[in-house]
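Here's a quick briefing to read alongside the model.

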Amino acid sequence: MHRTGTSQGWTVRATSRNPPSHLAGIPSEQRLRFDLEQPSTLLNIPVGADLIWCFPATPLEKVQSFARTLDTPARRMVVLGSTSAYEVSDRSNEYPPPWTDESASIDLNKPRVRGEEFLRKNCGAIVLRVAGIYGPGRNPVDWVRQGRVSPSRKYVNLIHVEDLAAICLLALDKGKPGEAYNVSDGQPHTWNEICATAQQRWGVTAAVANESPSPGKRISNAKLRTELGYRFQHPDLYEALALIDSPNGVAAQDGQNGFQQGPRREGTGGVPSGGS
């Protein structure tokens with residue numbers, strides 16, 4: 001995200017609980033220490049910076065405490081949530097499952113969802129409900145190879161990390177405050193299909209099928225495409241997987257408690273993480 005924002009002409013600063021370790025690839029002057037649990041670090045956020053909040057918005061009292069430090073309601077905020085916010089019934093007999101759009105019920109019993117909704121309703125945050133993230137170092141073929149997933153009829157929704165980065169910046173620039181947008185490539189796949197394709201194209205044999213009781217979800221991205229006009233860089237999962245450099249590599253560890261401040265062209269600004 002830092003690279004994407006910088007390439008688009010934004011001034012980007014990134015945060016972490018431990019910037020020297022977790023942000024080593026970012027110039028030191030663009031790193032900020034931020035920890036929601038450490039009130040003294042809240043003031044490290046530059047005045048007037050737009051924000052991209054990319055770690056779980058919990059606990060609620062800490063989120064509320066941070067919100068009180070915001071200097072102006074004019075600053076824009078994008079919060080990365082998860083499509084797991086949507087309620088789903090494992091007892092539904094409908095298959096394939098119906099499309100889920102932003103009008104669907106969300107599960108306010110989840111602490112993260114309560115924090116996201118507080119920021120959306122009280123701070124005008126734009127909430128992105130993000131599907132499963134994949135890309136270099138986060139390859140679904142590796143998940144099959146390592147036995148982390150197995151064949152089932154459950155649907156999964158995915159988004160390439162490069163599309164996610166671009167969508168974060170687009171939402172910050174053009175999203176409507178207080179709105180939520182689903183972030184998915186709009187092409188749900190079953191694990192049966194993904195595992196079969198991994199075998200056919202990459203010779204990766206999946207673990208024995210373990211049928212999931214849940215049908216999963218099919219996430220609609222119509223609002224994202226219609227209202228923000230986003231055009232995907234990686235609309236086809238299998239073409240994108242073929243482009244990933246190291247399909248045999250171990251999945252990268254995120255390690256970053258990133259609150260990356262959203263790019264602001266004339267001043268400060270940053271960015272990635274997500275759902276199912």
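A quick definition before the sheet: two strands count as paired if DSSP finds at least two bridges between them. Keep in mind that this is a predicted model. The protein chain carries nine helices and 13 strands.

**The sheet**
- Four strands make an open sheet, ordered β3-β4-β6-β10, with parallel pairing.
- At the edges sit β3 (51-53) and β10 (180-183), each pairing on one side only.
- On average, neighbouring strands here are turned by 20 degrees against each other, ignoring direction.
- β6 (residues 126-130) pairs with β10 in the parallel sense over four bridges, and L128 stands opposite Y181 in β10.
- Lying across β3, β4 (77-82), β6 and β10 is helix α4 (residues 111-123), which runs at about 155 degrees to β4.

**Helix α7**
- With 1.5 Å a residue, the twelve residues of α7 (residues 191-202) should span 16 Å, and the end C-alpha atoms are 15 Å apart, which agrees.
- Which residues of α7 are buried? They are W191, I194, C195, T197 and A198.
- Just after α7, G203 takes a positive phi of about 65 degrees.

**Whole chain**
- Of the 276 residues in the protein chain, 51% count as buried.
- The accessible surface of the protein chain comes to about 12,900 Å², with 47% of that belonging to carbon and sulfur atoms.

Note on methods:
Residues are numbered from 1 along each chain as its sequence is written. This is a predicted model: local features need pLDDT of at least 70, side-chain atom pairs count only at pLDDT 80 or more; totals for chains, interfaces and linings use all residues. Side-chain values use heavy atoms; hydrogens and water are left out. Helices (H or I, at least four residues) and strands (E, at least two) are DSSP runs, numbered from the N terminus. Axes are lines fitted to C-alpha atoms, for helices over the stretch in contact, and angles run from 0 to 180 degrees between N-to-C directions. Contact means heavy atoms within 4.5 Å. Buried means under 20% relative accessible area, exposed over 50%, partly exposed in between (1.4 Å probe, protein chains only). Accessible areas come from the Shrake-Rupley method with a 1.4 Å probe; for residues, only the protein chains shown count as cover. The expected span of a helix is 1.5 Å times one less than its number of residues.
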